[in-house]
Amino acid sequence: MQTKSKNVDINNIDEQILKVYADMLKNDKTVIFPTETVYGLGANALSETAVTKIYEAKGRPSDNPLIVHIAKKEHINKYVKKLNENAKKVIDAFWPGPITLVLEKKDIIPSKTSGGLNTVAIRMPSNKIANKLIDLAGVPIAAPSANISGRPSPTHAQHVYNEMNGRVDGIILSEDCTFGLESTVLDLTESTPMILRPGSITKEMLEEVVGEIKIDKSIESKDQNIKAKAPGMKYTHYSPNAEVYIVNGDGELLFSKINSLIEKDFESGMKIGVLCRAQNKSQYLKSKAEIICLGENLQEVAKNLFSSLIKCDELGLDIVYAEAFSSENEGFAIMNRLKKSAGYKIIEA
Ligand code: TXA
Ligand code: MG
């Protein structure tokens, strides 16, 4: 497939270019665009023909529902049966932004888009290119992360291009995504809201706005028998080609554990990588391993996590040791993605 790709500067948006891509979306074509979380692979959410192309481009199972992206807050009323008080509070506090609301859907949303569920996931992105594109298209845009199913979600223009060129009709390339992890998915169909996928809008932030928040049990468990309420959470995810291990520990104990693992693997001829906090960079044996800094704080780690996992493949690494993070605030979403990319393999230091 011939892919039309163009760069758009977020600080100086060329509307003429966006109009071309918006017309493609109107005509049931697929267009990748940047959002503040990860790049999205978009198509008209109201068209079964268009949505089918998303599943094909990603190689995604069709029981995994898509997020519907809108350009204006009030448009949610066109697609959900009822906006309850909690939903209104969350929208007022966090939209536009990295949180997706799950509510009972109206019939206008095709069952292909909602993966056969009677609910729909809706998000209003804050990225100006995303917002303008959806507005110009004049239709809601279904958009999963722009990766082949199972791979890390791209947050960096070159990674999107390498992964998806030839698989979609259009790609809009721009700066790195600011948050770097996919949106928080919040189920608002029950009286107590429930997080189905953790993200940059944290449990702590939501509790301040709506009070009690539940967390879907399947998020913290690798047990396949606990059914995930967000169907996408059950699939293998974020896996680079390298074998990833999380190493849990602090200070000297952590450093010496990782260094002894490096020594051992180096002996057997493996290409080794370490994913670490920027401040720990000099602690590891850089002559025997690639040291990849995730960042100095949780926001930076979230922003750089997926691009760092993709970098592990670019460097042809066989084995990667990742420092663990505490599960508070953004750490919960970071550890959720990291555990999945490691297939839940955790080494205690
Ligand atoms: O940040 C994001 O959310 C990105 C950008 C592009 O907006 N999109 C994204 O979409 O991550 P995707 O398709 O990769 O992940 C959507 C998640 C999946 O885990 C899916 O199962 C869940 O949301 N989901 C979608 N609709 C749902 C519904 N009606 N009920 C429960 N979970 C739903
Ligand atoms: Mg995804």
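Reader: At 42% relative accessibility, what does E48 count as?
Author: The place of E48 is in helix α2; helices are DSSP runs of H or I with at least four residues, strands are runs of E with at least two, and both are numbered from the N terminus. Buried means under 20% relative accessible area, exposed over 50%, and the class in between is partly exposed (1.4 Å probe, protein chains only). At 42%, E48 therefore counts as partly exposed.

Reader: What kind of model is this?
Author: Residues are numbered from 1 along each chain as its sequence is written, chains are lettered from A and ligands numbered from 1 in the order in which they are written, and side-chain values use heavy atoms, with hydrogens and water left out. Local features need pLDDT of at least 70, side-chain atom pairs count only at pLDDT 80 or more, and totals for chains, interfaces and linings use all residues: this is a predicted model.

Reader: Leaving aside neighbours within four places in sequence, which residues is E48 in contact with?
Author: Contact means heavy atoms within 4.5 Å. With sequence neighbours up to four places away set aside, the partners of E48 are P110, S111 and K112.

Reader: Which residues come nearest to ligand 1?
Author: A residue is near a molecule if one of its heavy atoms lies within 4 Å of it. There are 28 residues around ligand 1, and those that come nearest are T37, N64, H69, S183 and G232.

Reader: How far is a polar side-chain atom of R197 from an oxygen atom of ligand 1?
Author: A polar contact is a pair of N or O atoms within 3.5 Å; within protein, one must be able to donate a hydrogen and the other to accept it, and residues adjacent in sequence count only if both atoms are side-chain atoms. The backbone of A143 puts a polar atom 3.4 Å from a nitrogen of ligand 1. The side chain of S145 has a polar atom 3.1 Å from a ligand oxygen. For R197, the side-chain distance to an oxygen of ligand 1 is 2.9 Å.

Reader: How much of the accessible area of ligand 1 does the protein cover?
Author: Accessible areas come from the Shrake-Rupley method with a 1.4 Å probe; for residues, only the protein chains shown count as cover. Ligand 1 has 680 Å² on its own, and the protein covers 97%.

Reader: How many residues of the shell around ligand 1 are charged?
Author: Ala, Val, Leu, Ile, Met, Phe, Trp, Tyr, Cys and Pro count as nonpolar, Asp, Glu, Lys and Arg as charged, and the others, Gly among them, as polar. The shell has 15 nonpolar and eight polar residues, and its charged residues number five.

Reader: Which backbone nitrogen lies 2.8 Å from a polar side-chain atom of N44?
Author: N44 lies in strand β3 (residues 40-44). At 9% relative accessibility, N44 counts as buried. Beyond four places in sequence, N44 touches residues including L25, D28 and V139. The nitrogen at 2.8 Å from its side chain belongs to L46.

Reader: What is omega for the cis peptide bond that joins W95 and P96?
Author: Most residues other than glycine have a negative phi, and most peptide bonds are trans. P96 is found in the loop between α3 (85-94) and β5 (99-104). The bond from W95 to P96 is cis, with omega about -5°.

Reader: What phi does Y344 have?
Author: Y344 lies in the loop between α9 (330-341) and β16 (346-348). At 23% relative accessibility, Y344 counts as partly exposed. Although Y344 is not a glycine, its phi is positive, at about 65°.

Reader: What separates the C-alpha atoms of T113 and P96?
Author: T113 is found in the loop between β5 and β6. At 0% relative accessibility, T113 counts as buried. T113 and P96 are 17 residues apart along the chain, and their C-alpha atoms are separated by 21 Å.
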